[in-house]
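Please examine the protein shown below. Some questions and answers follow it.

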Amino acid sequence: MNHSRIDLTSAAAVTAAVRIEDNTAHNRFDLFVGEELVGILGYRDANEGAVAFMHTVVKEDFSDRGWAAVLVRGALNTARDRQWRIVPICTYVRRYLARNPEFLDLVA
């Protein structure tokens, strides 16, 4: 991807360029910046109808820019919209929840 096409210094441009899709065929949320797949958050069914958030991965070229937090927040918002209970297996998701207690009500 040509990074100069998206002005990553503009919050509005970043918001317009980012999308998170539930890739049900692969049991993961996909984070796209423009047309490039930047990160994934894998999930699976857990006990009693809960959904386990297994791992969060961001491409090395995009690391240390906050994309993992964008992806996890989007996945948690989707979980809330779908009334999912989650089991945070992923250590990054656990740290995110510790810093963002407004999502703790989702934890099974």
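Predicted model: local features only at pLDDT ≥ 70, side-chain atom pairs only at ≥ 80, totals over all residues.

Residues are numbered from 1 along each chain as its sequence is written, and side-chain values use heavy atoms, with hydrogens and water left out.

Q: Are helices H2 and H3 roughly parallel or roughly perpendicular to each other?
A: Helices are DSSP runs of H or I with at least four residues, numbered from the N terminus. Axes are lines fitted to C-alpha atoms over the stretch in contact, with angles from 0 to 180 degrees between N-to-C directions; those of H2 (residues 67–81) and H3 come within 11 Å and cross at roughly 80°. Angles of 65 to 115 degrees count as roughly perpendicular. H2 and H3 are therefore roughly perpendicular.

Q: Which residue forms a salt bridge with Arg73?
A: A salt bridge is a side-chain nitrogen of Lys or Arg within 4 Å of a carboxyl oxygen of Asp or Glu. Arg73 lies in helix H2 and its partner in the segment after H3, so the pair ties together parts that are 29 residues apart in sequence. At 3.3 Å, N to O, the partner of Arg73 is Glu102.

Q: Is Asn100 buried or exposed?
A: Asn100 is in the segment after helix H3 (91–99). Buried means under 20% relative accessible area, exposed over 50%, and partly exposed in between (1.4 Å probe, protein chains only). Because its relative accessible area is 13%, Asn100 is buried.

Definitions and conventions. Helix = DSSP H or I, 4+ residues; strand = E, 2+ residues; numbered from the N terminus. Parallel < 35°, antiparallel > 145°, perpendicular 65-115°, else oblique.
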